[in-house]
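Have the sequence and the 3D view ready, and follow along.

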Amino acid sequence: MYNEKALNMVETIVLDSIHKYNAFGGKNTLHPMVSVLDLAEAPPTKYKRLVMDVYCIMFKNTACGDLRYGKGHYDYQDGSLLFFAPGQTVTVEDDGEWHHPKGYCLVFHPDLLRGTSLNKGMHEHSFFNYQMHEALHLSIDEQKIILEAFAKIDIELRRPIDRHSKKLIVSDIEQLLTYCTRFYDRQFISRNDTHQGVLEKFEQLVNDYLLSGKGEILGLPSVNYFAGELCLSPNYFGDLVKRETGKSPQEYIQLKLIETAKEKIFDESKPLGQIASELGFKYSSHFTRSFKNKVGMTPLEYRNSN
C-alpha cells in the first residue's frame, strides 16, 4: 500500500544522463545519448523515486509490482508501453518485495534530437504526457513491431559511432513513435464505448459548470479542470475529445460557453455584468470581446437585436 511518510523518505535518483540510466539498469554505455536496456538484466529494484530527465519508452511484458506517477498507479499489464518525458517523476512502490521486471526500455536524451525534424515534432507525440493508467496496450502483432524497432536501434548502437549514426538512430526513433501513434489511434477506436461514456460525462460537467454558477468561484472553465474531474491527463483527454468529435476540448468549451451566454442574455432581468461573472469572466470587458469575436456583435447588441 502507498505510505505517504515512507514516500517522503524514499531514495531519489536523478536520471539526467544516459550513463546514469545505464548504471541504474546495469548496462554499459554504448552511446552517450541513447540506450536500449533489457530489463531482465537490470538489478532488482525496491522502492525508489526516479526523476526522469530523459525520454523513456518502456515495454513491459510481465506483472511485477506497482509504479506511481503523481497520485496514479500503473499495475504493469502484459504487453504495455509506458512513455515518460523529461521532468517527470516515477516511484516504484514499496510492497516489501524486490522487483525484477521483464521487458525492454528505450531511453534517449533530449540533446539527441537537437537540430532534427523530430525535435520540432515531439510536441505532436502527446502520449509522453499521458498518465500511467492511459498506457498503450499492445496486441501480439503490435508487440512484435515494437520489439523489432527496439532491436533495430540496439543493433545500430553496437556499431562504431560515425557521422551517420545520429541520423539513422533518430530516424528509427521517429518511425517507432509513428507506430505508437498508429497503435494509440487503434486503442481509441477499440475503446469507443468507454470513450462515449467519457464524452457524455464531459458534456454534463460543462453544462453543470456553466449553469450552476461555478464560474463565479472558479473562473472560466478550463480543460485541466474537466480532465481532472474525469481522472484523465489533459493530453489524453484532449486527444480523446479531438478524435471523437473533431473539436479540441477548448473549442467545445468555448462553443458551450457562447451558447449558454446567448441563453442568459435573453433574461433581461440580469445585468450583463452579472452574466459575465456567472460564466467565469473576471471582467465584463473580456466577456464583451470574447462574445463579439464569436458572434459578431456585443452582448448588448445581441440582446437588443432579439
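## What pairing means

Two strands pair if DSSP finds at least two bridges between them. In a sheet, strands pair through backbone hydrogen bonds, either parallel or antiparallel. Keep in mind that this is a predicted model.

With that in hand, look at Ser35, which stands opposite Val107 in β9. A second bridge links Val34 to its partner Phe108, also in β9.

## The sheet as a whole

In what order do the five strands of the open sheet lie? The order is β2-β9-β4-β7-β10, with antiparallel pairing. At the edges are β2 (34–38) and β10 (136–137), each of which pairs on one side only.

Helix α4 (residues 140–157) packs on this sheet and touches β2, β4 (55–60), β7 (80–84), β9 and β10. The direction of α4 makes about 125 degrees with that of β2.

## Strand β9 and its neighbours

Now zoom in on β9 (residues 103–108), which pairs with β2 over five bridges in the antiparallel sense. Strand β4 is also antiparallel to β9, and six bridges join these two.

Why is β9 described as largely enclosed by the rest of the structure? Five of its six residues are buried, so β9 is largely enclosed in this way. Here, buried means under 20% relative accessible area.

Note on methods:
Residues numbered from 1 in each chain as written. Predicted model: local features only at pLDDT ≥ 70, side-chain atom pairs only at ≥ 80, totals over all residues. Heavy atoms only, no water. Helix = DSSP H or I, 4+ residues; strand = E, 2+ residues; numbered from the N terminus. Contact = heavy atoms within 4.5 Å. Axes fitted to C-alpha atoms, helices over the stretch in contact; angles between N-to-C directions. Buried < 20%, exposed > 50% of the residue type's maximum accessible area, 1.4 Å probe, protein only.
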